[in-house]
Amino acid sequence: VIIFSCCLFPFCAFPFPFPSLFFGTPFCKMPVREGTLKIYDLAVRDSLKLQHTEHHEVHIESVAFANGGCREAFVAHFKQEDGSWGPKMVAKRYLRSEAFLDDYVCAHMAMECARAFNALKPYKPVDYLVPNQILSSGGHNYSMEKFLQGNWQKHNNIFGHILSDKRTPNAYSHFTYVF
């Protein structure tokens, strides 16, 4: 399965890199923050319908490991109920506060495209990460996503350049343009 996580708006194009190793501040030195996690209903496409909120302690890396025109990406961990720190997450800090709704609607559209593409039984199916959690902490809003382990490869760009010989990502990009 090929998983996509990026914003489809050309002015916010941010193909998100997920490096196999993160070289930054050691986890134990990350600042601990309090935050409110807002979880939105994925069944609602064109607006944000809040399902519920949770209060958490969270470690958010102080230096972004990637950035783009709309967001900066940080490594984060939530404190679990047993006091341990949970799995590695990605906290994407928005440079414009209203950008989350744009990403949310865009991701839903991409998810619909992925379902339609997969219905055609491609050689490899695609999936899409839909951001539905916002963490408010320290005066900033962060979109929270699972951290995907592995090497990241860019297959094409918003200008139509094909950067790899992989067929599925490029076929999916063309399909979404026609769809």
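**Figure 1. The largest nonpolar core has 17 residues.** Phe 100 and Tyr 172 have the most contacts inside this core. The model shown here and in the other views is predicted. Two or more core residues come from each of helix H1 (99–119), strand E7 (126–128) and helix H2 (167–178). H1 gives the most, with 9 residues. In soluble globular proteins, nonpolar side chains tend to be buried together.

**Figure 2. Helix H2 has 12 residues.** From its first C-alpha to its last, H2 reaches 16 Å. That is close to the 16 Å expected at 1.5 Å a residue. Which residues of H2 are buried? They are Thr 168, Pro 169, Asn 170, Tyr 172 and Phe 175. Tyr 172 is also one of the residues with the most contacts inside the largest nonpolar core.

**Figure 3. Phe 117 and Phe 175 form an edge-to-face aromatic pair.** The ring centres lie 5.4 Å apart, with 65° between the planes. Phe 117 belongs to helix H1 and Phe 175 to helix H2, so the pair ties together parts that are 58 residues apart in sequence.

Figure 4. Is Phe 179 buried or exposed? Phe 179 is exposed, at 56% relative accessibility. Phe 117, Tyr 172, Phe 175 and Phe 179 make up one aromatic cluster. The structure has 5 aromatic pairs by the rule used.

**Figure 5. The charged end of Lys 88 sits over the ring of Phe 147.** The distance to the ring centre is 4.6 Å.

**Figure 6. Lys 79 and Glu 57 form one of the 3 salt bridges in the structure.** Their closest N and O atoms are 3.7 Å apart. Lys 79 lies in the loop between strand E5 (71–78) and strand E6 (89–94), and Glu 57 in strand E3 (residues 50–60), so the pair ties together parts that are 22 residues apart in sequence. Both partners are partly exposed: Lys 79 has a relative accessible area of 29%, and Glu 57 has 28%.

**Figure 7. Glu 72 forms a salt bridge with Arg 93.** The closest N and O atoms are 2.5 Å apart. The bridge links distant parts of the chain. Glu 72 sits in strand E5 and Arg 93 in strand E6, 21 residues apart. Arg 93 counts as buried, at 18% relative accessibility.

**Figure 8. Glu 145 forms a salt bridge with Lys 92.** Here the closest N and O atoms are 3.1 Å apart. Glu 145 lies in strand E9 (residues 140–146) and Lys 92 in strand E6, so the pair ties together parts that are 53 residues apart in sequence. Are the two partners buried or exposed? Glu 145 is buried, at 8% relative accessibility. Lys 92 is buried too, with a relative accessible area of 2%. Side chains of opposite charge can pair when their charged atoms come close.

How values were computed: Residues are numbered from 1 along each chain as its sequence is written. This is a predicted model: local features need pLDDT of at least 70, side-chain atom pairs count only at pLDDT 80 or more; totals for chains, interfaces and linings use all residues. Side-chain values use heavy atoms; hydrogens and water are left out. A nonpolar core is a set of buried Ala, Val, Leu, Ile, Met, Phe, Trp, Tyr and Cys residues joined through side-chain atoms within 4.5 Å. Buried means under 20% relative accessible area, exposed over 50%, partly exposed in between (1.4 Å probe, protein chains only). Helices (H or I, at least four residues) and strands (E, at least two) are DSSP runs, numbered from the N terminus. Rings of Phe, Tyr and Trp (its six-membered ring) pair if their centres lie within 6.5 Å; planes under 30 degrees apart count as stacked, over 60 as edge-to-face and the rest as tilted. A charge sits over a ring if NZ of Lys or CZ of Arg is within 6 Å of the ring centre and within 35 degrees of the ring normal. The expected span of a helix is 1.5 Å times one less than its number of residues. A salt bridge is a side-chain nitrogen of Lys or Arg within 4 Å of a carboxyl oxygen of Asp or Glu.
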